[in-house]
Amino acid sequence: MSSFLALLQRELRAYFVSPLAWAVSTFFLFVQGLSFLMIVSFLSDPRAAGEVTPFVILFTSFFFWITLIFVTPMITMRLVSEERRSGTLEILLTSPLSETQMVLAKFCAAMIFWCFLWLPTVLYPLIIERYSDVDWGPVSSGYLGVLGLGSMFLAVGLFGSSFAKNQIVAAAATFAMMMVFFLVPWFGSLATGETLQLVFGYADLLSHMEDFSKGIVDSRRLVYYLTTTALFLFLTVRAVEAKKWR
Amino acid sequence: MIEARGLTRRFGDLTAVRDVSFQVEDGEILGLLGPNGAGKTTTLRMLTGFLPPTDGSVTIAGHDLLDEPAVARRELGYLPENVALYPEMRVAEYLAFRARLARLPGRERQPAIDRAISGCLLGEVKDQIIGTLSKGYRQRVGLAAAILHGPKVLILDEPTVGLDPKQIISIRELIRDLGRERTLILSTHILPEVEQLCQRVLIIDRGRVIAEGTPAELQGHSDLSPELVVTLVASDGTGADAIEALTALEGMQHVSADGSVTGRFRARHVRDADPRESVFRLAVERGWTLLEMSQRRPSLEELFVQLTTAQGEPTEPAGALSQGSSEGVASETEPSDEVEPTDDVEPANAEKGEDPQ
């Protein structure tokens, strides 16, 4: 446990001393700021429908998907590939730390950084609350979706990083894998047969976030995120182990 | 104590290491010697568990590396080739990280870090960022991190490569100190390093062990004949008849003039013969003034070149040597006094100054 915490702490520190992390969070907050602008202009529009919560925008707009797609690979791309390139992986793998612990520590660090990025956006509903009513139910379920999708894509990114020696290759591979997740519902629309369409429909991430932002928490979706996260973390461990054999 | 049995490692069709076995006891320093690409790093990586062997096993302080990796790794300190460190961390901070990574209990951490810092002479840079350190300091940080948790077995992959001569001397002293109480394995292609540090040497070429023994044993059992360096001033000023006269002496094989100094000759003679007396008598007889006469065993360097360039039939020199080293153990006590004096003569030799560093 002590070696797990040691690595987790080191990873977190590495995020906050690297200029990349600050560039990423600047980009992130800029884009989320645009979301906030949209929320405010929505609220000040007298024609807006009363029953829709404006925070749907925060979790389903174009800006949300842009940050998810661009920011998660940037968080994860250096995690394993950098250690492999510099040779420090050799130190980690010859220490009493197991491969699984190593991968989990890196994933946890990425997850904490993801939360750190989203933390300032909690200010948006807090600010709005001073001038208008905020329904905290849909807001918190929206954040649940952020955590779920985030963990899934961070795991995918960690896997991408585990087989590439170069960070850019890692990010590109992650990007390609993420695209597959978004293309799944499109496959569904091509599929013939009701069952197939239904199955592919379940995996439609855009509709997931729409529901989460409206306060609908479907446990099947959470299970989907968790199992996908677990699968990719498992694949990462295997990839790290397999590299030793080749 | 570390034991390797039948270590073999294949990368696809390439066999990088083939059936390497050895055992190193506490307090012993084993040198792994070989040309670049001989399989030294692959062997060390298998010993540390970074690379699993295709075949064979490693036992560290009684724990099998594959069966009980966590326990075995705790007894292991490893300095990889090209010392990999996290450049953004400070020295003390990095050592603290490594202490926790090695699962050192909380209250033992600070004393261990202090000990490693003073042992590796890192006091003045302990608050510096690693990325700003010179190569020598980085090497020492790597070494400090490797010994931090008091491992019983220490494995160093080319610990002095890329250092300046002063740094090399200090690192070697440190290694010698470290080797007193633990099992130490180091790889290198620098021969004087092996002669100075190691009690035992394993010469590896193309993935196989081609020779094993103490540096003295290896020198004593090489096929190369010993050499006598003679410098003389002949009153009549001719060198040609000196070669002839020296060659005529009993036990002489080949005499040649040394190009660098007039009047210096290099005389190879059969291993059992000691022609020094007859050379002296010859000089008196001819009226030569003898300026220098020193005997030198073939250096590890020559042996190394001879062994590693024996292309084509690798079985032949290997066979000859394994025979030689088994003999060497039996006769170890006797020839030791024959080897010692040669070392004393050694400084007189110009060859000594040509340390590859």
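**The contact between the chains**

Modeller: This is a predicted model. The contact draws 20 residues from chain A and 20 residues from chain B.

Colleague: Which helices of chain A each supply at least two residues of the side that touches chain B?

Modeller: They are α1, α6 (88–93) and α13 (219–245) of chain A. The largest share of that side comes from α1(A), with seven residues.

Colleague: And by class, how many residues of the side of chain A that touches chain B are nonpolar, polar and charged?

Modeller: That side of chain A has nine nonpolar, eight polar and three charged residues.

Colleague: Let us turn to Leu12(A). Where is Leu12(A) placed?

Modeller: Leu12(A) lies in helix α1 of chain A, which covers residues 2–17.

Colleague: Why does Leu12(A) count as partly exposed?

Modeller: Leu12(A) has 18 C-beta neighbours inside 10 Å, so it counts as partly exposed; a buried residue would need 20 or more.

Colleague: Beyond its neighbours within four places in sequence, which residues is Leu12(A) in contact with?

Modeller: Leu12(A) is in contact with Ala109(A) and Ile112(A). The C-alpha atoms of Leu12(A) and Ala109(A) are separated by 5.6 Å, although these residues are 97 apart along the chain.

Colleague: Now chain B. How many helices and strands does chain B have?

Modeller: Chain B has 13 helices and 14 strands. Of the 357 residues in chain B, 41% are buried.

Colleague: And what share of its contacts between residues at least 6 apart in sequence join residues at least 24 apart?

Modeller: For chain B, that share is 70%.

Note on methods: Residues numbered from 1 in each chain as written. Chains lettered and ligands numbered in written order. Predicted model: local features only at pLDDT ≥ 70, side-chain atom pairs only at ≥ 80, totals over all residues. Helix = DSSP H or I, 4+ residues; strand = E, 2+ residues; numbered from the N terminus. Buried ≥ 20, exposed ≤ 12 C-beta atoms within 10 Å, placed from the backbone. Contact = placed C-beta atoms within 7 Å. Nonpolar A, V, L, I, M, F, W, Y, C, P; charged D, E, K, R; others polar.
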